[in-house]
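Got the viewer open and a cartoon view loaded? Follow along, selecting as we go.

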Amino acid sequence: MSDAISPTPAPGTGQPALRPQLSLAIPADAEQIANATDAVLACLAGLKVEEEKCMAIGLAVQEALANAVVHGCQNDVSKTVQCELSCDDQGRVLIVVADPGPGFDFSASREPVVQDVYNDHGRGVFLIRQLMDEVSFERGGSVIQMWKY
Amino acid sequence: MDINMQRRSQVEIIQLRGPLRLGPAVNEFRQALDESLSNGDTRIVLDLAEVPMIDSSGIGVLMKSLASARQRGGNIKLVNPSKFAVQTLRMVGLLNLFEVFPDADAAVASFA
């Protein structure tokens with residue numbers, strides 16, 4: 001695994017104390033995303049994570065993978081998207097999704113698209129921020145780290 | 001994604017089963033709505049009881065179709081959306097754009 005995807009320490013601990021639980025590498029194909037999300041959901045269920053928390057993490061992963069495949073990789077199936085799931089001793093879950101693309105302006109996605117509610121895109125990163133407790137971007141936006149406490 | 005379509009009292013009832021996510025599920029959903037709207041069926045009831053998750057691409061198709069239906073004098077009404085689907089639509093500030101009904105009969109009757 002590339003060091004670009006190495007997660008930050010667990011918040012408030014100062015120590016990594018993270019246990020890797022799942023590592024996926026999928027081709028940048030929209031049809032592969034649901035399977036990857038289902039693998040994350042199955043892993044969370046195996047860890048006995050409560051259902052509501054599972055659903056929030058699952059949807060955030062779905063959105064992050066979709067951004068990576070569609071925007072980061074431009075649907076180029078020769079490219080690979082990485083997804084890693086770790087948890088700490090307090091049951092907090094960290095998801096890291098990385099793509100090989102140039103990134104994007106993540107600062108512009110803090111609010112939903114309110115100008116046109118009928119717009120058919122532009123809600124993904126906003127949803128991630130709502131679903132997860134802590135979200136950060138690295139490498140210009142091509143790596144997203146998402147914590148659910 | 002399993003999609004069941006039926007027509008009742010000049011209302012198209014579309015029942016979805018499974019997560020509504022980017023990929024085949026959203027493509028099939030888009031196709032079903034496009035087919036209804038292009039046939040002039042702009043009064044649509046969408047049964048979401050068995051849709052545990054809707055992602056932003058599914059929401060995008062839903063909103064684009066809602067705009068299209070309303071521009072032609074119709075509407076899209078929701079039936080019994082799952083708890084998480086309701087939470088998701090509320091998060092993005094769109095839940096209040098829809099009329100939500102407990103069952104398909106009530107939703108169909110509301111078009112009369």
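In what order do the five strands of the open sheet in chain A sit? They run 1-2-3-5-4, with antiparallel pairing (two strands pair if DSSP finds at least two bridges between them). Before you click on: this is a predicted model, where local features need pLDDT of at least 70, side-chain atom pairs count only at pLDDT 80 or more, and totals for chains, interfaces and linings use all residues. Residues are numbered from 1 along each chain as its sequence is written, chains are lettered from A and ligands numbered from 1 in the order in which they are written, and side-chain values use heavy atoms, leaving out hydrogens and water.

Helices (H or I, at least four residues) and strands (E, at least two) are DSSP runs, numbered from the N terminus. Select 19–27 and 134–138 of chain A: these are strands 1 and 4, the edge strands, each pairing on one side only.

Now pick 80–87 and 93–98 of chain A. Click Cys83(A) and you'll find its bridge partner in strand 3, Val97(A).

Next, select 30–46 of chain A. This is helix 1, lying across strands 1, 2 and 3, at about 170° to strand 1 (contact means heavy atoms within 4.5 Å; axes are lines fitted to C-alpha atoms, for helices over the stretch in contact, and angles run from 0 to 180 degrees between N-to-C directions).

Last stop: helix 2 of chain A, where 17 of 22 residues are buried (under 20% relative accessible area, 1.4 Å probe, protein chains only). Just after helix 2, Gln74(A) takes a positive phi of about 50°.

Key:
Buried < 20%, exposed > 50% of the residue type's maximum accessible area, 1.4 Å probe, protein only.
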